[in-house]
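This report describes a protein chain in terms of its secondary structure, its surface and selected side-chain contacts. Please consult the sequence and the model alongside the text.

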Amino acid sequence: MANGSNVPAKIPALGGDASLNRYLSEVRKFPLLKPEQEYMLAKRYSEHKDQEAAAQLVTSHLRLVAKIAMGFRGYGLPVSDLISEGNVGLMQGVKKFEPDRGFRLATYAMWWIRASIQEYVLRSWSLVKMGTTAAQKKLFFNLRRMKNNLEAFEDGDLSPEDVNKISTDLGVAEHEVVNMNRRMSMGGDASLNVPLSEDGDGGQWQDTLEDDGPLHDQQIADAQEADFRHDMLTEAMGSLNEREQHILAERRLSEDPKTLEDLSKVYEVSRERIRQIEVRAFEKLQKAMLRIAGEKQLLTAS
C-alpha cells in the first residue's frame, strides 16, 4: 500500500481477499478511544510529532475504514484494495487533524477516507473515458442507491420511468443514466452475504463487521457529518437568488417534489425554462458547496 502520509501506523498486513477475514478480526482488537484519550493523543502528535500517538489514532479507526470501504464493494473492486486506499486517507486525516477545533477525529477523517476510496474507484473504472463532470461523478456514486430505492434490482436496462426519475433527481441527461447503468452492470455486484470461504464455514462478509453494540465513533461521526452538511447547504443556498432557491428547494429538497408543470404555473413560464433554472441553480449550489468545503478544509489544515 502506498502511503502518501508521513504518519506511520502498525496496520495489520492486508493481502488479497483470502486474508481479509483475518485482517478484519485483527483490526477489531484495537480499542476505541474515549474523547479525552483521542484529544491527548492528537495533541501529542500535532505538537510533538509523536509517532506512537499517531499510530494509536490510526489503528483505533481502522474498523471505520473497513466499514466505509464495504460501502464501495458494489463496484466490483477488491475489498483489500478499497481498504488500503481508505487507510491512506485515514493517515492523511490524522496528519492534518486539529483537536482544538472541537470535532472528533472520525468526523474529520471520514472525508479523507471516502475521498481516497472514491478517487481509487474512479481511476479503476476509467471514468475519464466517459467524462468526469461533477454531474457524472454524482451519477456514478448515486446510481446504485437510487436503483435500490426504485426497486430496480435487475442488471438489464432501466425502465423509461426509472430513467426519467433518476435523470430528473440528479440533473443529468437520460442517455447518461442509460449509459452509466449499462457500464456499471458490466462490473457485477457483490453481495455482503457472500460466504468468506468456499466451504461456507467462515461466515459472511457482513459478519466480520458486526459488533456486540453500535460503533460509538460511527454514531457520533454520522451525526456531526449530517450537521456539517446541513450547515454547508444552508450557507451555499445563500449564493442563489430567491427564485432559484425556491425552485431548487421544491424540486430537490422537498419530501414531495413539485413537477416542472407545477412550477411553470407559479412563475408563468415554460416547463423547459423551469428546468433550465433548476439545472443552473444546482450547478451554482454545487460550486458554492465545493468552495465552502475547500475553505473549511484550508482552515483546518492551516
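## Conventions

Helices (H or I, at least four residues) and strands (E, at least two) are DSSP runs, numbered from the N terminus. On that basis, lysine 49 falls in the loop between H2 and helix H3 (51-59).

The model is predicted: local features need pLDDT of at least 70, side-chain atom pairs count only at pLDDT 80 or more, and totals for chains, interfaces and linings use all residues. Residues are numbered from 1 along each chain as its sequence is written, and side-chain values use heavy atoms, with hydrogens and water left out.

## Overall architecture

The chain contains 13 helices and zero strands. Read from the N terminus, its elements follow the order α-α-α-α-α-α-α-α-α-α-α-α-α. A contact requires heavy atoms within 4.5 Å. Of the contacts between residues at least 6 apart in sequence, 68% join residues at least 24 apart.

Accessible areas come from the Shrake-Rupley method with a 1.4 Å probe, and for residues only the protein chains shown count as cover. The accessible surface of the chain is about 16200 Å², and carbon and sulfur atoms contribute 51% of that area. Residues are termed buried under 20% relative accessible area, exposed over 50%, and partly exposed in between (1.4 Å probe, protein chains only). By this criterion, 40% of the 302 residues are buried.

## Salt bridges

A salt bridge is defined as a side-chain nitrogen of Lys or Arg within 4 Å of a carboxyl oxygen of Asp or Glu; the structure holds 13 of them. One of these pairs glutamate 38 with arginine 104, with 3.1 Å between the closest N and O atoms. Because glutamate 38 belongs to helix H2 (residues 35-48) and arginine 104 to the loop between helix H5 (79-96) and helix H6 (105-124), the pair ties together parts that are 66 residues apart in sequence. Glutamate 38 is buried at 2% relative accessibility, and arginine 104 is also buried, at 11%.

Lysine 284 and glutamate 244 form another salt bridge, with an N to O distance of 2.9 Å. Lysine 284 is in helix H13 (residues 271-301) and glutamate 244 in helix H11 (residues 242-253), so this pair ties together parts that are 40 residues apart in sequence. Here lysine 284 is partly exposed at 31% relative accessibility, whereas glutamate 244 is buried with a relative accessible area of 2%.

A salt bridge also joins lysine 258 to glutamate 250, where the closest N and O atoms are 3.4 Å apart. Lysine 258 is partly exposed, its relative accessible area being 34%.

## Loop residues

Which residues other than glycine have a positive phi? Lysine 49 is one of them, with phi near 55 degrees, and glutamate 268 is another, also near 55 degrees. Lysine 49 is partly exposed at 47% relative accessibility. Glutamate 268 lies in the loop between helix H12 (260-267) and H13 and is exposed, with a relative accessible area of 73%.

Histidine 61 occupies the loop between H3 and helix H4 (62-70). This histidine is buried, with a relative accessible area of 2%. A polar atom of the histidine 61 side chain lies 2.9 Å from the backbone oxygen of leucine 57.

How values were computed:
Polar contact = N/O pair within 3.5 Å; in protein donor to acceptor, adjacent residues only side chain to side chain.
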